[in-house]
Amino acid sequence: GLGGRLNGTLPQLQNLPNLVTFLASYNSFSGPLPSIMPPSLAMLQLKNNQLSGVLPEWVCNVRSVYLTGNSFTCPLPSCCEQSKLCANSITVPCFPPNEDGV
């Protein structure tokens with residue numbers, strides 16, 4: 001496989017309209033996820049890379065998302081409030097601020 005050999009930012013994949021699966025865990029990709037992904041994408045595996053930034057809303061449209069071991073930040077996409085999708089995808093806890101604003 002290609003595990004450990006790929007680095008840099010993720011390529012823009014929206015021009016691949018038939019892309020169903022993107023598997024690139026255990027590499028050294030860095031930076032944010034692309035802002036757009038093809039609607040055909042059903043599985044995204046990017047565990048244990050060096051990705052960061054906010055999870056885009058399109059992750060809500062992907063059936064299987066594996067993003068643990070990265071450094072994503074808040075706020076979470078709207079679908080995370082209703083599902084456990086992001087509990088398994090984000091390593092930084094995102095909770096509403098408490099009464100002290102913390």
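Reader: Why is T73 called partly exposed?

Author: This is a predicted model. The relative accessible area of T73 is 36%. T73 is located in strand β7, residues 71-73. Its C-alpha lies 5.1 Å from that of V54, although 19 residues separate T73 and V54 in sequence.

Reader: Why is N27 counted as buried?

Author: The relative accessibility of N27 is 7%. Buried means under 20%, so N27 at 7% counts as buried. N27 belongs to the loop between β2 and β3 (28-31).

Reader: What makes the approach of the N27 side chain to the backbone nitrogen of R5 a polar contact?

Author: The distance is 3.1 Å. The cut-off for a pair of N or O atoms is within 3.5 Å, so the approach to R5 at 3.1 Å qualifies. The N27 side chain also reaches the backbone oxygen of A24, at 3.2 Å.

Reader: How do you know that β2 and β4 are paired?

Author: Three bridges join β2 to β4 (residues 43-45), and the two run parallel.

Reader: What is the order of the open sheet, and why do β2 and β6 stand at its edges?

Author: The three strands follow the order β2-β4-β6, with parallel pairing. β2 (21-23) and β6 (64-66) each have a single partner strand, so one side of each has no neighbour in the sheet. From one strand to the next, the twist averages 5 degrees.

Technical notes. Residues numbered from 1 in each chain as written. Predicted model: local features only at pLDDT ≥ 70, side-chain atom pairs only at ≥ 80, totals over all residues. Heavy atoms only, no water. Helix = DSSP H or I, 4+ residues; strand = E, 2+ residues; numbered from the N terminus. Buried < 20%, exposed > 50% of the residue type's maximum accessible area, 1.4 Å probe, protein only. Pairing = 2+ DSSP bridges. Axes fitted to C-alpha atoms, helices over the stretch in contact; angles between N-to-C directions. Polar contact = N/O pair within 3.5 Å; in protein donor to acceptor, adjacent residues only side chain to side chain.
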